[in-house]
Amino acid sequence: MSNRDSNPSFSHTLFIVFFLLSLPVYSSSAKSLKYDEEDFSGTGSGYLVRRDQRRALVQTYYGDISSIDVTDGRRGPYHVQFITMEPNSLFLPVLLHADMVFYVHTGSGTLNWAHGEDDQISKVSIKKGEIHRLRPGSLFFLPSDLQTERHKLRINAIFANTEENVYDPTIGAYSSVRDLVRGFDTKILRSAFQVSEEVIQSITNSTDHSAIVHAVPPTKKETFWDLEGRFLKTFIGASYDGTALNKKKDKKHKKKDKSKTYNIFYADPDFRNCNGWSTTVNERNSPLLTRSNIGLFMVNLTKGSMMGPHWNPRATEISVVLHGEGMVRVVCSSTAKRSECRNLRFRVKEGDVFAVNMFHPMAQMSYNNDSFVFMGFSTTTRRNYPQFLAGKYSVLQTLNRQILAESLNVTNTTVDQLLAAQVESIILDCTSCAEEEEKIMLEEIEKEREEEEARKREEQRKREEEQRQREEEARKREEEQRKREEEQRQREEEEARKREEEEEKRKREEEEEEEERRREEQEEEERRRREERRKREGEEEQERERQQEEEQERKRREEQERQRQQEEEERRRREEAAAAARREQEEEEARAREEQEEARRQQQEEYSRRREEEAQTEQEEARRQQEEIERRTRPEEQETEGDQGFDGEAGRREI
């Protein structure tokens, strides 16, 4: 029994464990992967574009073209088009503005193109599984084949930046040759095509066509397509016979075109096991992708399988579902802002596009009832080396077990069990993983819906409460208004009565007021005199206080001056004492120097005296020795004077 049948729940458990472990580790930003606003899915994170959310560019009976725009925050934007053509249809000639890499999903046709660097128009048959590339500045058109199976020609194409060319969204991916022809004046067209004015007018006055039309069989009568072909000939200097371009291509050119064709289904997969296979195409195995900044890949998952949790360190993946349905899980970093990035799980089906930025951990899962096939474009042609979490080639295998255990906050035994359990790699058995992920997704959607409903109910309750409060306040305002009106009426009646009484009292009070006024005048005069007297006294008191303050200020200044003089005297005394001490020290040092000098002088004199005494002693000793010698030699000379033949000089020498 295979591993798939023997332990189906273990793979599912291992998958959940690895994704839980990946949540706090890997960094990503959903904000760095954005789509055109028209292409946003309901998730709000910009990862998923449903088939019905694509932007429709062309819709005709003979085919349609839709597109999306993706940017990965580095080289973007990447313009992706999905071209579908009915059998025996024609994609009309266009001038390519950007580097174009495309994959043939179904059907077949004949690609006709010409580039400014060549002097001939080339064509090549295209079929399912093939990858092709057209460079900026190429003119091309594409008729689909009329097959007995009536398969539609479906092409997934990406237009991206290269090292030599930058895709400009403002001018689009390509422009129609028809628009190029009609953009010139009649005289210019007549001179260029060497045809009559009636022919040019038939072109300029003809009705517009969509980009995809029915492929009409060739006739002897010159048609608009013939003139367009002649325009191609005029533009690039190639041969054209009205129905086919450059049938007389040499064998060398055919061989060159044939060598550029790459079919995914004819190449050996990069990885294959019982759970599925995967393959990648880059400039190493397909020279046509050289310096294109675009690679391709295809993944085929069998029933109940999973592309193991992994991330891409060099490329953003833009994937298109070709067959079946599946679940995709994308993980955000724990350090990312929740308002900008959140973990996602979503279900995709045929025709949907999902994109995952570099360093976003992800996994794709197939359902138990069908396989799951998707292809896509990666934003680099270099070897990407995806990093896998689980399996034989797990990146965790390269880490020190003890450090990994510390990072996961588990024991070393747990880490050993975790890394040794899965013997498969890359594409793993994961029975019911997609179903479980969908269940969790639906539960999350239901939870979010319930939370949204609860939030709406709370908002409704708050609105009703606010409405009740407003009604209560309105009722209170009406009651207060009624009370104010009643009080106003009572006040008016009371005021009328009071006015009558006051009128009666006024006359009495006028006399009293007059008397009171006189009395007040007297009191006011008395108060004025008292105030003046009090003011004078206050001024006198202020003058006395001012004089006292001046006296205190004078005394304070005198005290400060005295203290300053004392401090100055004290400072002077300290300076004099210091100067005296310095002088005394200098004198002491001078005396010491004099004493030292005197001692040295005495030592020198003593030394000189001793030398003189020693010299005198030596002279005295020499003199004494000389006298002693002379004293001894004198008797001997006297004794030898009488000897015969004695030589006095010899005797002196002997002595």
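In this predicted model, the side chains of Arg-534 and Glu-531 meet in a salt bridge, with 1.9 Å from N to O. Both residues belong to helix H10, where a spacing of 3 residues places them about one turn of the helix apart. Arg-534 is partly exposed at 47% relative accessibility, and Glu-531 is likewise partly exposed, with a relative accessible area of 42%. A network of salt bridges links Glu-525, Glu-526, Arg-528, Arg-529, Arg-530 and Glu-532.

Two further pairs can be followed along helix H10, which spans residues 433-640. Glu-446 and Arg-449 form a salt bridge of 2.0 Å, N to O, and, being 3 residues apart in the helix, they are separated by about one helical turn; Glu-446 is partly exposed at 30%, as is Arg-449 at 36% relative accessibility. Arg-497 pairs with Glu-501 in a salt bridge whose closest N and O atoms are 2.8 Å apart, and here the spacing in helix H10 is 4 residues, again about one helical turn. Arg-497 counts as partly exposed at 37% relative accessibility, and the value for Glu-501 is also 37%, which makes this residue partly exposed. Over the whole structure, a search finds 66 salt bridges.

The nonpolar side chains remain to be considered. The largest nonpolar core has 28 residues, of which Tyr-103, Ile-131, Ile-158, Leu-296, Ile-318 and Met-375 touch the most other members. A second, separate core comprises 26 residues, among them Val-58, Phe-102, Ile-126 and Phe-159. In soluble globular proteins, nonpolar side chains tend to be buried together.

Conventions:
Residues numbered from 1 in each chain as written. Predicted model: local features only at pLDDT ≥ 70, side-chain atom pairs only at ≥ 80, totals over all residues. Heavy atoms only, no water. Core = buried A, V, L, I, M, F, W, Y, C linked by side-chain atoms within 4.5 Å. Buried < 20%, exposed > 50% of the residue type's maximum accessible area, 1.4 Å probe, protein only. Salt bridge = Lys/Arg side-chain N within 4 Å of Asp/Glu carboxyl O. Helix = DSSP H or I, 4+ residues; strand = E, 2+ residues; numbered from the N terminus.
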